[in-house]
Amino acid sequence: MKKGVEKLYQTNSKVDNLPFQFKFKEAGIDMSQMKKLDARQELLVITMEECGELIHACSKALRRAEMYPLSDSEHNLKKEVGDVYAMIDLLVEWDVLSWEEIEEQRNKKREKLKKWSDLI
Ligand SMILES: [Mg+2]
């Protein structure tokens with residue numbers, strides 16, 4: 001175990017009550033030394049975050065049974081779909097994949113849904 005981490009796990013009532021950022025500082029761990037993400041890593045991390053937010057919006061709409069026009073759930077769902085769409089757009093811009101590849105996969109998914117779902 002690294003020295004700073006060992007120090008972090010030591011019981012210290014003064015440190016125990018601090019928010020986690022300050023606990024790292026108290027343990028001598030410099031958060032600014034964490035490896036900075038390159039552009040593609042940042043792109044994937046933000047895409048993950050936006051997908052998580054879309055999942056959250058879908059779940060909340062279902063849990064609240066609130067999918068009617070002008071509801072908070074409808075507003076949030078539209079916002080998060082747009083955010084994910086923006087990230088997909090950036091994935092194409094950064095040459096992670098192409099619109100052709102996305103459309104090809106979309107078509108495959110639609111074919112699968114025809115078989116397993118009544119949506120199509
Ligand atoms: Mg979002």
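Among contacts in the protein between residues at least 6 apart in sequence, what percentage join residues at least 24 apart? The share is 38%, where two residues are in contact if their C-beta atoms, placed from the backbone, lie within 7 Å. This is a predicted model, in which local features need pLDDT of at least 70, side-chain atom pairs count only at pLDDT 80 or more, and totals for chains, interfaces and linings use all residues. Residues are numbered from 1 along each chain as its sequence is written.

**Overall architecture**
- The protein has six helices and zero strands, taken as DSSP runs numbered from the N terminus (helices: H or I, at least four residues; strands: E, at least two).
- Of its 120 residues, 2% count as buried, that is, with 20 or more other C-beta atoms within 10 Å of their own, C-beta atoms being placed from the backbone.

**Helix α5**

**Packing of α4 and α5**
- Helix α4 (residues 39-64) packs against α5 at an angle of about 160°, with the axes 9 Å apart; axes are lines fitted to C-alpha atoms over the stretch in contact, and angles run from 0 to 180 degrees between N-to-C directions.
- The two helices are therefore roughly antiparallel (angles over 145 degrees).
- Residues making the contact include Leu-43, Ile-46 and Leu-54 of α4 and Leu-77, Val-81 and Met-87 of α5.

Definitions and conventions. Angles under 35 degrees count as roughly parallel, over 145 as roughly antiparallel, 65 to 115 as roughly perpendicular and the rest as oblique. A residue is buried if 20 or more other C-beta atoms lie within 10 Å of its own, exposed if 12 or fewer, and partly exposed in between; C-beta atoms are placed from the backbone.
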